[in-house]
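Hello,

Here is the structure for you to open. My notes come after it.

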Amino acid sequence: MKAVPAYVMRGGTSKGLYFNAADLPADTAARDAVLLAAMGSPDERQIDGMGGAHPLTSKVAIVSPSTRSDADVDYLFLQVVVDKAAVSDAQNCGNILAGVGPYAIEQGMVHPQGDVTDVRIHMVNTGALAVARVQTPAGQVAYEGDAGIDGVPGTAAPVMIDFLDVAGSSCGALFPSGNTIDTIDGITVTCVDNGMPVVMLHAASVGATGNETPAELEARTDIKAKVEAIRLQAGELMNLGDVTHKTVPKMSLLSPARHGGAVNTHTFIPHRVHEAIGVLGSVSVATACVLPGTVASEYVSKPASNAPSSQTLTIEHPTGAFTVEMDISGTQSLDTFSVNRAALLRTARLLMRGEVLVPNHCLPASQ
């Protein structure tokens with residue numbers, strides 16, 4: 001067996017392994033073999049590895065000093081598929097991102113700057129940039145604090161994340177189909193990429209109410225079949241090509257807010273239903289909410305002509321809500337609309353640090 005240094009961290013509402021890139025094989029195939037063995041895939045229980053038998057707990061962050069002058073670290077996110085021998089780099093993960101700043105400081109890649117340290121993170125998957133504000137009193141990462149996020153019990157130190165240039169980072173455009181509304185299989189949808197490619201549609205249009213639990217939706221094979229059929233066609237519209245074996249786009253079923261937010265969501269990621277909603281997925285939904293003529297905007301009160309460019313929207317999900325702060329302009333039409341900034345609050349916690357053991361055959365001889 002070979003020991004590979006690793007941290008286990010909770011980032012937002014996800015959990016995964018965090019690696020220094022220098023500790024993994026440079027060859028992609030060899031690296032993926034290590035990660036599959038570390039997580040215990042392919043196996044729906046992941047019983048022989050560190051994975052938690054769910055997409056939200058089978059995630060990996062690979063961090064290294066940045067190759068860019070405007071960033072401190074590079075962050076590559078990898079989704080390790082639970083029941084298949086597959087590792088995907090097709091998307092960012094804003095939840096795992098919440099742990100990248102603390103990890104970089106723990107690893108000495110970034111030095112504390114005082115009580116709060118800003119870590120500029122190059123998200124390698126899409127080339128976008130984020131800034132994580134990490135609490136570092138006495139020159140150490142603070143994990144304990146009073147910030148709470150829905151989907152995670154208790155409280156922790158806040159990690160505020162600003163997304164600076166994520167619009168169109170995966171699909172090439174904020175609204176990659178060029179429309180606010182498209183029709184697929186007779187169902188109206190809105191396709192958005194503000195850091196995460198998301199297809200939004202009314203829950204009622206596929207036979208859902210919006211009140212279901214994730215487990216109840218996963219049991220509805222009729223709904224799952226409709227959603228997947230739309231997803232495959234939307235992938236082409238969004239410049240993602242054949243998405244049969246990709247983890248994007250995400251599919252978000254929208255319904256009226258239940259607890260005073262802007263809209264209620266249930267998100268297929270893409271074949272399981274998220275217990276909450278992804279960080280960047282919530283940003284994409286919030287983006288659609290503030291542009292008239294989208295599926296999402298139908299749930300939001302029509303803004304006044306003098307509405308402020310800075311808006312705060314609450315996106316509801318099965319276990320609570322996400323509050324997204326947005327700085328927008330040109331909301332009168334798709335041609336002029338732009339998102340200047342999006343920010344939200346996450347928390348992270350270091351759960352364990354040490355070494356994960358993988359079979360020798362997973363590593364090249366030089367490792």
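Predicted model: local features only at pLDDT ≥ 70, side-chain atom pairs only at ≥ 80, totals over all residues.

Residues are numbered from 1 along each chain as its sequence is written, and side-chain values use heavy atoms, without hydrogens and water.

**Domains.** The assignment gives domain 1 (2-164 + 348-362) and domain 2 (182-336); such bounds come from an automatic or database domain assignment. Their C-alpha centres lie 26 Å apart. Domain 1 puts 16 residues into the contact and domain 2 puts in 20 (heavy atoms within 4.5 Å). The area buried between them is about 1,400 Å², 62% of it from carbon and sulfur atoms (accessible area, 1.4 Å probe, lost on being put together, summed over both).

**Cavities.** There are 3 cavities of 30 Å³ or more. A cavity is a set of points on a 1 Å grid, over the protein atoms alone, where a 1.4 Å probe fits but cannot get out; lining residues have an atom within 4 Å of a point. The largest cavity has a volume of about 190 Å³ (the space filled by probe spheres set on the points, which are joined across faces, edges and corners). It has 22 lining residues, and Q91, K250, I269, H274 and G278 are the closest to its centre. Both domain 1 and domain 2 give residues to this lining, so the largest cavity lies between them.

Best wishes

Conventions: 1 Å grid on protein atoms, 1.4 Å probe; cavity = no way out; pocket = protein on both sides within 12 Å on 5 of 7 lines; lining within 4 Å. Buried area = accessible area lost by both parts, 1.4 Å probe.
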